[in-house]
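Morning, everyone. Please look at the screen while I talk.

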Amino acid sequence: MSKYDKLTTNAIGRVVPQIINGKEAVPYLGVGKFRPTGRKYAPPISTCADYPDDGNKVTGSIREALEKCGLKNGMTISTHHHFRNGDLVGNQVFDAAAELGIKNLTWAPSASFECHSPLIKYLEDGTIHHIEGSMNGALGKFTTEGGMQGMGILRSHGGRYQAIQDGDLHVDIAVIAAPTADAFGNATGDRGPAACGLLGFALADSQYADKVIVVTDNLVPFPCVPWQIHGNYVDHVVVLDKVGIPEKIVSGTTEITKSPDRLLLAELTAQFCDETGIVRDGFSFQAGAGGTALSIGIYFAEMLRKRGMKARFARGGSNKYLVKMLEEGLVDYILDGQTFDLEGVRSMRENAGHLNTSPFTSYNYHGKGNFASMVDVVILGATEVDINFNANVVTHSDGYLLHGIGGWMNCLFSKCVILPIPLFRDRMPVIRDQVTTICGPGELIDVIVTERGIAINPLRTDLIDKLKGSSLPIRSIHQLKEEAERICGKPSLPVLSDEFIAAIKWVDGTVIDAVRKVIV
Amino acid sequence: MDELQYFLGIVFFFALPDVTLHGNHNTVLNIKPEADVAAIAAIGNKGKGIRSDCHVTLEIRQSGGIEIQLISKVKSMYGDSILSLCNEIFRFYNISDASLLLEDSGALELVIAARLEAAIRQLTGSTKEYLTEFLPQNKYQTARDRDRFSRLYLPGNSPSLMINAGIHKPNGIILDLEDAVAVSKKAEARFLVRNALRSLDFYGAERMVRINQVPAGLADLDYIIPHNVNLVLVPKCESAEQLKLVNENIEKIKKEKGINSNIWLMPIIESALGVLKALEIASSPNVVAVAIGLEDYTADLGTRRTNEGNESFFARSMVVNACKAAGVQAIDSVFSDIADMEALKQTVLRSKALGFDGMGCIHPRQIRVIHDNFAPDEAEIDKAKKIVNAFIEATEKGLGVVSLGTKMIDPPVVKRAQHTINLAVSMGKLNADWRNEFLNV
């Protein structure tokens, strides 16, 4: 089976394959243009006759559970990134598969981290054929240099839910690492030694995988409440000594930035939101976990406090600053997708206004609406933006896969999408003639805030009109690109091979771009 | 720029173990002469945490042509242009056989050129200068009495901190060749500072360089005077004689290069002797401001610097009085705790109350606090509005005497009030058409 076949040019002008890992793929057609047909995927029907009446599904080891699930060559195994860089389960699953001599597996993580780089040896020996999820750090380097046998597939959090729900990504065995669980398989993330807050990224897997294994280091007597994962979906429960390293679980960037340049970006962004009337009583916002995004939240809080106003809801990743806003009454609800620090975990446990959500509620494009499009303003990052406002979030300018997509793509449907990004990083200009990889179409990206000026997408005439006479440094995106090139010099385009190594799937499952192998 | 880098800068600023001290405060700098030919030159910075910089290891050979090994994080984007620049510099110095290892962490061209030039000149003893582009927007002059609330210190051998300094809008940017540069790096820092003066956009900030202590620091002038430095900071100043030497050397370079612009001086008083000589220092030609450096001063007194500043009250008052007597600005010392903005604010308010016109800063986060608190407050603006309005009305009526209520207003008071108004307008604290609003209230 070839990695890919049938190249075509999609609606945004990118050459993409229509056959990926032997399966048909639809090229990107435009925002909202692809209309899904048919019915959702459904897992096999189970019967209680096959499960113990006392509800005790505890099995001796991951290997034993995998064997009981009927693990065989060519299957897809999913894991999740609730423990981020502190995950101790993902690698053990493939250690067990390798011990059993299994080959050609597909690994479908909700995201990969540097802690998963030991899996490279299984990509090399054929235990794992390819990854569908994200390929960060060493895995990204390995993939981009052409090491993976199959074609990598990158999806957003919402896109992953969509793919599993629609049957595009069929999960044979889901392994859900849980900070607390009972023997029946009810599981939660908000307590236990490896508490991570919530288990939303595993929701689709629990609902649609053929077999589900819950792995925990904190087995409690039935019932485990609140249950974020229903035991009724679970086949086996495995108890380990330790499932995660707590200090690495909450390892997101959880402090506001002290960098003066980033603070300037945050300040300009907050001022932009203020002058355009976005910050008002009852507004909603989502800011990521980076230091700049956190700082913007601080500025929002100051504005609300001074004016006696409050936000209706904030979309998390939650952190101590967002929790403080909730507890101070500056926001009614946190609709949380993942918690970035222990304060977030505590708040989710204790505060009725701090709600756990999932990619289904927040991001799934093949649903009856989702939360992301209802948010007034979202603050995101990007590795590159082009003069048509198309943005890249997965590859470095030298072509290497660097990051996963996360919820980034899904958040582009917010009412105002702002990317506060430096004009250049070291000598690398961020605004380019053409991005190395398109992850988000420019029509959905409204504002680029840099330390040397703010560019508003010409499509957003409403924002442009609101800022007439503003003291903010409004520039065209072309002016910003020229400024960066005046300082850094005009960069050459990376010389990449003709071979594709990974596909980027849009929120609706179509292929928006494909990543080429780098020439080493 | 991250805080750690700034913090490192501060460490250099206050603790230089390699500086040899003789007598009271005569620092003797062991700067390697450029003609001190070594077989291999190693210039620049590399390693973890180093950004926007590069390190060159250069060996000049007798044969074999030019060999360049480039290790760069931006190789795919700028590899060809970096190699082209290096070859151009080799041709400029007529070098046809050399081995160069260039380890690049995203350095701009001006940095690469400075590093390679420093290495070549160290090995060859050449005095030829490879000059990078002189940006047209860097060719401005500054007025003797311009605002100098804030002046941001930047280590002269750390390019990553220089690149974005101007966007934070300090009144002045100081490229520091003195305490913020390790002794072993002082020679190479001169090339970087020179290229920065030419090719980095200062975004309108006053372009300042702190030279090394006189007399060693006189050699720094060759690297900055021809490149439109607006103001030279003279550290550890203890006499007018030191400033005379600086002025003479500047004049000599200006004459050689055909430069007509004013180059101002800001001596820094950092010792008990300097404090006692404050008036003669402040009264020296081309001096527009005198700064006080309290870390060295308190060390000289044998005491410890405190936030309250009682130990330096006399010195600060002396400097302020000398400056006011000489008609120049008084500039307070830097505040070294970059995390404590409230303490900085209180320090600024005390400085302003003592009569200082500005203070130094070591982190861009301090700039706004310094500006906001040196800026005229509401009461000062209200008073100034009344005085200026009274002056305008008196002028319109042809009256020679300005009065406000029952009080006569002297011309210096009017001048100061007008300055307050101008300042408030320029800092966005007052509308330019304030008088219409004032008259309509």
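**Around a buried helix**

Start with helix α9 of chain A and what covers its buried residues: the cover includes α8, β14 (284-287), β15 (311-315), α10 (320-328), β18 (377-379) and β21 (417-420), from chain A. Keep in mind that this is a predicted model.

Which residues of α9(A) are buried? They are Thr292(A), Ala293(A), Leu294(A), Ser295(A), Ile296(A), Gly297(A), Tyr299(A), Phe300(A), Ala301(A) and Leu304(A). The helix runs over residues 291-307, which makes 17 residues. From first C-alpha to last it reaches 25 Å. That is close to the 24 Å expected at 1.5 Å a residue. Just past the helix sits Gly308(A), with a positive phi of about 65°.

Now take one of the covering elements, α10(A). It packs with another helix, α11 (residues 342-350) of chain A: the two axes come within 8 Å and cross at roughly 35°. On the α10(A) side, the residues are Lys320(A), Val323(A) and Leu326(A). They meet Glu343(A), Gly344(A) and Ser347(A) in α11(A). By class, this contact has 2 nonpolar, 2 polar and 2 charged residues.

Step back to the whole of chain A. Its domain assignment gives domain 1 (49-250) and domain 2 (260-494). Their C-alpha centres lie 30 Å apart. Domain 1 of chain A puts 31 residues into the contact, and domain 2 of chain A puts in 34. On the domain 1 side, the elements giving two or more residues are α4 (137-144), α5 (157-166) and α6 (203-208) of chain A. Which of them gives the most? That is α5(A), with 8 residues. This side of domain 1 divides into 11 nonpolar, 14 polar and 6 charged residues.

Next, chain B. Here there are three domains: domain 1 (35-124), domain 2 (136-374) and domain 3 (378-440). The C-alpha centres of domains 1 and 2 of chain B are 32 Å apart. Between these two, 13 residues of domain 1 are in contact with 11 residues of domain 2. On the domain 1 side, β3 (40-44) and α3 (109-124) of chain B each supply at least two residues. The largest share is from α3(B), at 7 residues. By class, that side of domain 1 of chain B has 7 nonpolar, 2 polar and 4 charged residues.

How do the chains meet? Chain A brings 19 residues to the contact and chain B brings 23. On the chain A side, α8 (260-275) and α15 (477-488) each supply at least two residues. The most come from α8(A), with 4 residues. The chain A side holds 8 nonpolar, 4 polar and 7 charged residues.

Last, the cores. In soluble globular proteins, nonpolar side chains tend to be buried together. The largest nonpolar core here has 277 residues. Those touching the most other members are Ile173(A), Ile176(A), Val214(A), Val209(B), Met266(B), Val290(B) and Val319(B). The largest share of this core, 10 residues, belongs to α3(B).

What does Val290(B) contact, leaving aside neighbours within four places in sequence? Among its partners are Met266(B), Ile269(B), Ala278(B), Ile281(B), Val319(B), Cys323(B) and Ile331(B).

There is also a second, separate core of 10 residues, including Ala384(B), Ile387(B), Val388(B) and Ile421(B).

How values were computed: Residues are numbered from 1 along each chain as its sequence is written. Chains are lettered from A and ligands numbered from 1 in the order in which they are written. This is a predicted model: local features need pLDDT of at least 70, side-chain atom pairs count only at pLDDT 80 or more; totals for chains, interfaces and linings use all residues. Domain bounds come from an automatic or database domain assignment. Two residues are in contact if their C-beta atoms, placed from the backbone, lie within 7 Å. Ala, Val, Leu, Ile, Met, Phe, Trp, Tyr, Cys and Pro count as nonpolar, Asp, Glu, Lys and Arg as charged, and the others, Gly among them, as polar. A nonpolar core is a set of buried Ala, Val, Leu, Ile, Met, Phe, Trp, Tyr and Cys residues joined through C-beta atoms within 7 Å. A residue is buried if 20 or more other C-beta atoms lie within 10 Å of its own, exposed if 12 or fewer, and partly exposed in between; C-beta atoms are placed from the backbone. The expected span of a helix is 1.5 Å times one less than its number of residues. Axes are lines fitted to C-alpha atoms, for helices over the stretch in contact, and angles run from 0 to 180 degrees between N-to-C directions.
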